[in-house]
Amino acid sequence: MSGGSPSDPARPAPSPSPAESQTADKAALRALFLERRRQRPAEEQQAAAVALAERVLALPDVAAASTVAAYRSLAGEPGTQPLLDRLLNRGISVLVPVLRPDASLHWRRHPASCGAGLHSNSEPVISATDDVPLATVDAVICPGVAGDAFGNRLGRGGGSYDRALSGLSPTVLPCLLLYDAEVLDVVPVEPHDQPVQLIVTPTRTIRCSARQSKRPPAPDS
């Protein structure tokens with residue numbers, strides 16, 4: 001008698017596709033490192049923010065820049081306030097991102113770049129006329145949760161920075177800020193993920209290899 005019956009053994013569940021496996025791996029890593037950030041002492045975060053600012057400002061592309069895209073760090077992230085202050089004190093124009101409802105990033109000038117004062121809390125009204133093209137910058141300082149020396153970056157899962165980086169000119173330097181322990185041997189990647197050229201931690205500046213390289217390069221001192 002052909003056909004299945006209630007006594008037939010159940011078929012095994014299909015194995016996840018490579019893309020599904022990568023997504024699951026990324027979600028697990030993201031959860032792990034975000035939890036570690038929540039547990040990081042405030043004093044350690046503050047010291048890391050100062051060290052990161054010094055390392056980023058020592059990069060030739062940043063030292064010679066007229067405009068840099070950066071971001072205001074969230075709680076637990078490698079802090080960016082010392083970096084923003086020092087960029088602005090040097091007369092470098094700073095763009096910061098605005099997250100739109102469609103998860104795209106638009107860029108506007110930091111209030112202090114518009115004459116509002118270095119420590120002003122004022123926020124310009126968000127409108128299309130405030131947007132500044134990312135193509136005008138010399139470097140993009142990116143947030144992330146983890147990365148590897150191939151330049152692969154693990155973000156928060158929304159894809160906003162991947163879309164922003166995908167349209168960059170090869171002359172623009174994308175740089176990822178991380179804590180030391182967040183630089184891994186390999187970060188899972190998907191086709192839409194965009195690499196960075198540099199990873200900066202409080203103690204290291206890592207010049208990343210091309211996306212298809214066989215092995216990570218040695219870190220700089």
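A residue counts as buried when its relative accessible area is under 20%, as exposed when that area is over 50%, and as partly exposed in between. By this criterion 44% of the 221 residues of the protein, which is described here from a predicted model, count as buried. Between His 106 and Asp 130, which are 24 residues apart in sequence, the distance from C-alpha to C-alpha is 9.0 Å.

The protein as a whole contains 5 helices and 10 strands. Among its contacts with a separation of 6 or more, 68% are accounted for by residues 24 or more positions apart.

Seven of the strands belong to an open sheet with mixed pairing, in which the order is S3-S2-S1-S4-S7-S9-S10. The edges of this sheet are taken by strand S3 (105-109) and strand S10 (205-207), and because each has a single partner strand, one side of each is left without a neighbour in the sheet. From one strand to the next, the twist averages 25°.

Helix H2 (residues 42-57) packs on it by touching S4, S7, strand S9 (198-200) and S10, and the direction of H2 makes about 145° with that of S9. Helix H4 (residues 81-89), for its part, lies across strand S1 (67-69), strand S2 (93-99), S4 and S7, and runs at about 140° to S2. The buried residues of H4 are Leu 83, Leu 84, Asp 85, Leu 87 and Leu 88, and what covers them includes H2, helix H3 (60-63), S1, S2, S4 and S7. Just after H4, a positive phi of about 85° is taken by Gly 91.

The axes of the two helices come within 7 Å and cross at roughly 40°. Angles under 35 degrees count as roughly parallel and those of 65 to 115 as roughly perpendicular, and H2 and H4 are therefore oblique to each other. Their crossing is right-handed. In the contact, Ala 49, Val 50, Ala 53, Glu 54, Val 56 and Leu 57 of H2 meet Pro 82, Leu 83, Arg 86 and Leu 87 of H4. The residues of this contact comprise 8 nonpolar and 2 charged ones, with no polar residue among them.

A further open sheet is formed by 3 strands in the order S6-S5-S8, again with mixed pairing. Strand S6 (153-154) and strand S8 (183-184) stand at its edges, and since each has a single partner strand, one side of each is left without a neighbour in the sheet. Strand S5 (residues 146-148) is paired with S8 in the parallel sense over 2 bridges, and Gly 147 stands opposite Val 183 in S8.

Val 183 is also one of the residues touched by Thr 201, whose place is in the loop between S9 and S10. With residues up to four places away in sequence not counted, the contacts of Thr 201 are Leu 52, Arg 55, Leu 178, Tyr 179, Asp 180 and Val 183. The relative accessibility of Thr 201 is 0%, and this residue therefore counts as buried.

Conventions:
Residues numbered from 1 in each chain as written. Predicted model: local features only at pLDDT ≥ 70, side-chain atom pairs only at ≥ 80, totals over all residues. Heavy atoms only, no water. Pairing = 2+ DSSP bridges. Helix = DSSP H or I, 4+ residues; strand = E, 2+ residues; numbered from the N terminus. Axes fitted to C-alpha atoms, helices over the stretch in contact; angles between N-to-C directions. Contact = heavy atoms within 4.5 Å. Buried < 20%, exposed > 50% of the residue type's maximum accessible area, 1.4 Å probe, protein only. Parallel < 35°, antiparallel > 145°, perpendicular 65-115°, else oblique. Left-handed = near helix turned anticlockwise from the far one by under 90°. Nonpolar A, V, L, I, M, F, W, Y, C, P; charged D, E, K, R; others polar.
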